[in-house]
Structures are given as C-alpha cells and as structure tokens.
Amino acid sequence: MNTTQKTISTFVLALAFLFAALANAGSAHVDVDEQGVILAGHDAVAYFTENAAVAGSPEFTATHNGAVYQFKSAQNRDLFNAKPDYYAPQFGGFCAYGTVFGKKFAVDGKAFEVVDNKLYVNKNLDVHESWQEDKIENIEAANIKWPNIVNTPASKL
C-alpha cells in the first residue's frame, strides 16, 4: 500500500469511527447515555405490560429515533418493533416534570407512569411524586413547552 492509499484508508477509518460515535450519541431530542441507551436501560414495553420498571438486557435491543432500547426478552423487543411510537416515552425520555419548566433532565428509569396509553418518566421517585400532584396539568404544560425545547441540547437549557 502506498502513502496515498494509507492516507485514504486512515481517513475512511476515521470517518467510520466518527459516524459510529454520532450514531450512538443520539440527538438533542432523546435522553440517552454514553452508549446511546434510553430509559437508563429499562424495558419500555414492561412499563405498559407489567406496570413496573424492569431492567432490559443488551441481548435484546431495538433502535428508534436515535436511541437504543433494551428489553428483558425477545418478545418485548418484538412488541416494541411492531409499534415503537406507542411504547416510546414522551418528551424523548427526558423528565416529564423538567419539561414543564423548559428543562431536559436525565431519568433513572424507575420513576414512571403510563397515562392515557403514553409513557411519562421522571428524573427520580421524589420528582415523580411532585409531578403526580398535578399530573394532568403538568402533562398539558409539558406538551406546550416541548416543541420549544425539543431540538435544544439539555446543556443549553
């Protein structure tokens, strides 16, 4: 391999790593960790079917809107893949209560509620308790705020 070929090969490899990193980084509109995982690794389907925060497994994953979802089973993964928008959390998986205030806070995956067949997650159980006090009003307020912050990175809010 000559010098030009090595340079091109190195450049192509660098681009591949860059695109892989960007693919795993998610985007401003979803709350993902460093590996691109949403909901702190909890199974999005189990919130609906078990009314519980169930840890997912890296063995069973699906990707939707730039986020990697983990599931406890292949069956839950397949249910998600059949209707991803139904199971995906509102507000990109950011804290529903934070959205009320125009903020994007990461969640622990344990504080959640399904309201009118929509998944809402909160930063933690303490925040969730406050959110529940006026959840319908909070959902309405967050729905108004979300379009104004959806594309803004959390660090800029």
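His128 is buried, with a relative accessible area of 7%; buried means under 20% relative accessible area, exposed over 50%, and partly exposed in between, calculated with a 1.4 Å probe and protein chains only. This residue lies in helix H6, where helices (H or I, at least four residues) and strands (E, at least two) are DSSP runs numbered from the N terminus. Leaving out residues up to four places away in sequence, His128 touches Ala111, Phe112, Glu113 and Asn122, a contact being heavy atoms within 4.5 Å.

The structure is a predicted model, in which local features need pLDDT of at least 70 and side-chain atom pairs count only at pLDDT 80 or more, whereas totals for chains, interfaces and linings use all residues. Residues are numbered from 1 along each chain as its sequence is written, and side-chain values use heavy atoms, with hydrogens and water left out.

The chain as a whole contains 7 helices and 4 strands. Read from the N terminus, its elements follow the order α-α-β-β-α-α-α-β-β-α-α. Of its 157 residues, 39% count as buried. Among contacts with a separation of 6 or more, 55% are accounted for by residues 24 or more positions apart. The accessible surface comes to about 8800 Å², and 54% of this area belongs to carbon and sulfur atoms; accessible areas come from the Shrake-Rupley method with a 1.4 Å probe, and for residues only the protein chains shown count as cover.

Side chains of opposite charge can pair when their charged atoms come close. A salt bridge is counted here when a side-chain nitrogen of Lys or Arg is within 4 Å of a carboxyl oxygen of Asp or Glu, and by this rule the count comes to 3 salt bridges. Glu113 forms one of them with Lys135, the closest N and O atoms being 2.4 Å apart. Because Glu113 lies in strand S3 (residues 112-115) and Lys135 in helix H7, this pair ties together parts that are 22 residues apart in sequence. Glu113 is buried, with a relative accessible area of 14%, whereas Lys135 counts as partly exposed at 25% relative accessibility.

A further salt bridge joins the side chains of Glu50 and Lys72, at 2.6 Å from N to O. Glu50 lies in the loop between helix H2 (44-49) and strand S1 (57-64), and Lys72 in the loop between strand S2 (67-71) and helix H3 (74-82), so this pair ties together parts that are 22 residues apart in sequence. Glu50 is partly exposed, with a relative accessible area of 37%, and Lys72 also counts as partly exposed, at 40%. The side chains of Arg77 and Asp78 likewise meet in a salt bridge, at 3.2 Å from N to O. Arg77 is partly exposed, with a relative accessible area of 22%, and Asp78 is partly exposed as well, with 43%.

Helix H7 also contains Asn138, which is buried, with a relative accessible area of 10%. Not counting residues up to four places away in sequence, Asn138 touches Tyr97, Val100, Ser130 and Trp131. Tyr97 has its place in helix H5 (residues 96-100) and counts as partly exposed at 22% relative accessibility. Apart from neighbours within four places in sequence, Tyr97 is in contact with Asn122, Val127, Ser130, Trp131 and Asn138. The C-alpha atoms of Tyr97 and Lys123 are separated by 8.1 Å, although these residues are 26 residues apart along the chain.

The surface carries a patch of negative charge, in which Asp126, Glu129, Glu133, Asp134, Glu137 and Glu140 gather. Such patches are made of residues with over 30% relative accessible area and no salt bridge; like charges are joined within 9 Å, and nonpolar side chains (Val, Leu, Ile, Met, Phe, Trp, Tyr) within 5 Å. Lys and Arg count as positive and Asp and Glu as negative, while His and the chain ends are not counted; the place of a charge is taken as NZ of Lys, CZ of Arg, CG of Asp or CD of Glu. Helix H6 (125-133) and helix H7 (135-149) each supply at least two residues of the negative patch, and H6 gives the most, with 3 residues. Glu140 has its place in helix H7 and is partly exposed, with a relative accessible area of 47%.
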